[in-house]
Every structure is written in C-alpha cells, then in structure tokens.
Amino acid sequence: MDLRALRYFVEVVRANGFTRAAEHLHVTQPTISKMVKQLEDELGGPLLLREGRGVQLTDAGQVVYERGLQVLTQAQLLRQEVAEVDGIARGELSVGIMPTAGHYMAPVIALFQQRYPGVTLNVQESGARAQRQLMLEGKLDMALGLFNAPDEALHTYTIAHQLTRVVMARHRVVDENAPVRWQELADLPFLLYTSDFALHEAVLQHCAEAGFTPRVQLQTRYWDFIGHLVAADIGVAVMFEHVIAKYDAQRVASRPLIGPQMGWDVVLMWRPGYRSRAAQAWLDCVREVYPQPLYGATPPPTASIEK
C-alpha cells in the first residue's frame, strides 16, 4: 500500500474536503483525487462519498481511516528510529506552538538548533485545544499548551503560570488594581479567540456560571488584532497577562478578574510511551531554559548559546 495515498486520504477526511486537503498538503486537487482513487481501487471499493463541499466516510472508509492513523504513526516512528541509529545528527521533530505563546519557545528553538543543526524542526501554530488534539492523533511530537486542570491523557512540564484579566479601552479603566467580577461584564460586548483556543471555551463557561451569555462582537485567531479592537472600544476581552503586556498601555488597560479568578499553566505536553531522541532533546532544552516556572508577565530568559 502506498503510504502517500493513505496520508492523502487521511488528510481529506480531516479537512472534510479535497480542496482544503490539497491546500494543507501543498499539492493540486487532481493529485489528491488520483491518489485517493488509487487507494480505493487497491482496496476494492469506495471509501468516501462527496456531499456538497464535504465528504462522508463509507463503512469501509471508516475502517481505513482509523487503521490509517495507526499505520502513519508507526511509519513516522520507524523513520525516527532509523534516523536515530547514530544519535540525533539528523531526523525531524514536529512541535506545536500557540500563536500567543511563541515568545516562550524562541529561546528553546535557539538552543535546540545550535545543538542539533541537522534536525529539521517543523513548527505548527494553532490554539491550545487544537494542539491537544493533534498530539493525541500523533501528528505532533511535542506541543505547547494551556491547562487549567490535569490531563491524564498527556504528560506535561510546566513552563509558566498565568492569570487572566479583562482588557478594556484605556478610558474605561480608572484603577488597574481594582478587581472586576464576571457578572459586571454581562452588559458589555466581547471579543473572543476562535473556538480552537482553550480560552474561548473557558470564557463562555465562566460567563454561563455567572448567569449570562456574552454578546460576542467578533472572533479572531490573532491576539494583536484583539488589542486593536479593544483600543478602539469595540468590546472587552479576557486575555492572559503575558499577552496584555504586549499591548499599548496608552490605549489599552486591564483589571483583575475574580469570582472566580481564572488561572492557567503554560505547559509542554507529549503523549505517554515512546519518545524519540529528538523529542527528548527538545524536552531537555525546555528544562534547561525553564528550570522553574515563570509567573505572570515575566519575560522568558535568553538561552545560553554555546560558542
């Protein structure tokens, strides 16, 4: 069986369409269609049914998809183990990084690439919820995520502790030390991250517990765009301390959120079981740069790069 055809098929299912799969894989749609047809011919029947712009798995397709994930994971492990026979002079490492927390990983990347220049580092950017799912599917070796509770499915190493605050246009805030309760935000318009960010669901949950459904003005993946929208007084946002520290203090201000306070851990996460040498080396670099968790908006250290 052609592993490339299997990988293309799995991506079509994940992307729910041939066009989006082609974009993700950087190939043409006819190439995707040809490879999936080849797989169907080899296995003796249809695996996918086109429905509008999406696709639907047949019963056989469901089996191939589930088994295909396992086969592709094992193939990746095989490539890693072969590449590591002589150490980690070569090979690949797939790391997930949240867009809002890339500054935590910058000194780690610098240290890792200085020590292991032959290892190809593939970085995937998405929200914390998406990062966790990619980890469980075996598409990432390591990922930077956000946890507000233990996760039994993953191992973790804590890099920083963060609290969230409500961000408002500067003219709305008299005292930045004065706490605000969730209930007091009920009549204000909200600006949210998109649903693949852990903070999105957490904000909705806390608003519900406070007895209201937030009036959402806009959702976006970009923290800096949220800052500009807040500065323009389009709405308020619940953001992490390390993000708020990047905003223009003359245009944006924040207040502590209580009732309850919402705390998070910024963690490196990985699946239990086999860990490649490159992944272990990445973890060692993280531990070296962050021997102790940071608190609040404390900037990450600069890695000590050997000359």
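Helices H1 and H3 cross with a left-handed sense in this predicted model. Their axes come within 8 Å and cross at roughly 110°. That angle falls in the 65 to 115 degree range, so H1 and H3 count as roughly perpendicular to each other.

**Where H1 meets H3**
- H1 covers residues 3–15, and H3 covers residues 29–43.
- From H1, the residues making the contact are Arg4, Ala5, Leu6, Tyr8, Phe9 and Val12.
- On the H3 side, they meet Thr31, Ile32, Met35, Val36 and Leu39.
- Sorted by type, the contact has 9 nonpolar residues, 1 polar and 1 charged.

**Glu11**
- Glu11 also sits in helix H1.
- Is Glu11 buried or exposed? Its relative accessibility is 10%, and the cut-off for buried is under 20%, so Glu11 counts as buried.
- Setting aside neighbours within four places in sequence, Glu11 touches Ala21, His24, Leu25 and Lys139.

**Helix H10**
- H10 runs over residues 277–289, which makes 13 residues.
- At 1.5 Å a residue H10 should span 18 Å, and its end C-alpha atoms are 18 Å apart, so the two values agree.
- Ala278, Ala279, Ala281, Trp282, Leu283, Cys285, Val286 and Val289 are the buried residues here.
- What do these buried residues pack against? Their partners are helix H5 (102–115) plus strands S3 (91–97), S4 (119–125), S5 (142–147), S6 (155–169) and S12 (263–270).

Terms used: Residues numbered from 1 in each chain as written. Predicted model: local features only at pLDDT ≥ 70, side-chain atom pairs only at ≥ 80, totals over all residues. Heavy atoms only, no water. Helix = DSSP H or I, 4+ residues; strand = E, 2+ residues; numbered from the N terminus. Expected span 1.5 Å × (residues − 1). Buried < 20%, exposed > 50% of the residue type's maximum accessible area, 1.4 Å probe, protein only. Contact = heavy atoms within 4.5 Å. Axes fitted to C-alpha atoms, helices over the stretch in contact; angles between N-to-C directions. Parallel < 35°, antiparallel > 145°, perpendicular 65-115°, else oblique. Left-handed = near helix turned anticlockwise from the far one by under 90°. Nonpolar A, V, L, I, M, F, W, Y, C, P; charged D, E, K, R; others polar.
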